[in-house]
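Student: I have a new model open and would like to learn how to read it. Could you take me through some of its features, one at a time?

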Amino acid sequence: MSLTEGHILNVWIFFSVFLRFGIFTDGQIVYSITEEVNPGTAVGNLAKDFNLNLQDIERRGFQIVSETNRRYFDLNVKTGILLVKDRIDRDEICEQNVKCSLPLEAIVNSPLNIYRFEVNVLDINDNSPIFPTAKTTLNISELAFPGEQFALPSPFDADVGSNSVKSYKLSPNEHFSLDVQSGGEPSVSAELVLQKALDREKQPVIELTLTAVDGGKPPRSGTMQIIVNVEDINDNIPVFSSSGHLSILSARCQYLPVV
Ligand SMILES: *[C@@H]1O[C@H](CO)[C@@H](O)[C@H](O)[C@H]1NC(C)=O
């Protein structure tokens, strides 16, 4: 095969692939709307985008046939415009999937023509982060070292992407700070970090408020109360062993300073 013949063949393949996908591929018409828009909101002009003649579609009928997604949309047969019919709650339909695309099919009768398209439903920040409980209790020993970390329950945000939990705040206090990690599931999580040793005699219970903030504009937040019970090392009863040496019954006695 000469170079020229090869070149012509490539061009031919290019055009046949282009024509296949240009004419027959489904779902190339994609509309986007935000979730929770009012019924009656126009989504797109199907007649214009599929090059349909308005007198023709009115006579032949133009309707959406997709079983599952038909309930959300109406087709105005006089204008060829796709309208929102019912409430579209992205967070219910697509849950935690960032991409929320509804495949749809419309038909025109006699002869039967099928038109496939998609509606992308975009997230709005309509949900706040929610912790599994309003209040959580941590029992932390007086012997805990600064730097020790304590796991916290994660909040859930029904929104996705930038509208999910992005940061945390801890109420001002002397003893604890937060270690915030991103990249896990949920995408941003927080642990409590002891900054300054605890002293039960001074403060037996420390009350903190943890706030989870999402990345929406404006942001929404949710809070959880953290009750830290400081456990006394003297809760461990001193006993004399048979050999007469004082020892302390504690799972953490290895942390006791040698005096
Ligand atoms: C904390 O300690 C108390 C007893 O002092 C116990 O009843 C409770 O279950 C403990 N809580 C946790 C979360 O370990």
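Tutor: Gladly! Let us begin with Asn51, which counts as exposed at 71% relative accessibility. Buried means under 20% relative accessible area, exposed over 50%, and partly exposed in between, with a 1.4 Å probe and protein chains only. Before we go on, a word on the source: this is a predicted model, where local features need pLDDT of at least 70 and side-chain atom pairs count only at pLDDT 80 or more, while totals for chains, interfaces and linings use all residues. Residues are numbered from 1 along each chain as its sequence is written, and side-chain values use heavy atoms, with hydrogens and water left out.

Student: Where does Asn51 lie, and what is its phi?

Tutor: The general idea is that most residues other than glycine have a negative phi, and most peptide bonds are trans. Asn51 is not a glycine, yet has a positive phi of about 60 degrees. Asn51 lies in the loop between α2 (46–49) and α3 (54–60). Helices (H or I, at least four residues) and strands (E, at least two) are DSSP runs, numbered from the N terminus.

Student: Which peptide bond that ends at Pro111 is cis?

Tutor: The bond from Ser110 to Pro111, with omega near -5 degrees. Ser110 also has a positive phi, near 35 degrees, and is exposed, with a relative accessible area of 59%. Look for Ser110 in the loop between β6 and β7; those strands span 101–108 and 113–122. Another cis bond joins Lys217 and Pro218, with omega about 0 degrees, and Pro218 is found in the loop between β13 (205–214) and β14 (221–231).

Student: How do I read the faces of a strand?

Tutor: In a regular strand the side chains alternate between the two faces of the sheet. In strand β5 (residues 81–84), Leu82 and Val84 form the covered face, whereas Ile81 and Leu83 form the uncovered one.

Student: Which strands pair with β5 in the antiparallel sense?

Tutor: Two strands pair if DSSP finds at least two bridges between them. Strand β2 (residues 42–45) pairs with β5 over three bridges, and Ala42 stands opposite Leu83. Strand β4 (residues 73–76) is joined to β5 by four bridges, with Leu75 opposite Leu82. β4 and β5 form a hairpin with four residues between them, and Gly80 in the turn has a positive phi of about 75 degrees.

Student: Is Ser164 buried or exposed?

Tutor: Ser164 is buried, with a relative accessible area of 13%. Its place is in the loop between β9 (149–151) and β10 (165–170). Contact means heavy atoms within 4.5 Å; not counting residues up to four places away in sequence, Ser164 touches Asp157, Asp159, Ser187, Asp214 and Gly215.

Student: How do I find empty space inside?

Tutor: Rolling a probe the size of a water molecule over the atoms shows where empty space is left. On a 1 Å grid over the protein atoms alone, a cavity is a set of points where a 1.4 Å probe fits but cannot get out, and lining residues have an atom within 4 Å of a point. The largest cavity is lined by Leu152, Pro153, Ser154, Pro155, Tyr168, Ser189, Ala190 and Leu210.

Student: How many helices and strands does the protein chain have?

Tutor: There are four helices and 16 strands. Buried residues make up 34% of the 259 residues in the chain.

How values were computed
1 Å grid on protein atoms, 1.4 Å probe; cavity = no way out; pocket = protein on both sides within 12 Å on 5 of 7 lines; lining within 4 Å.
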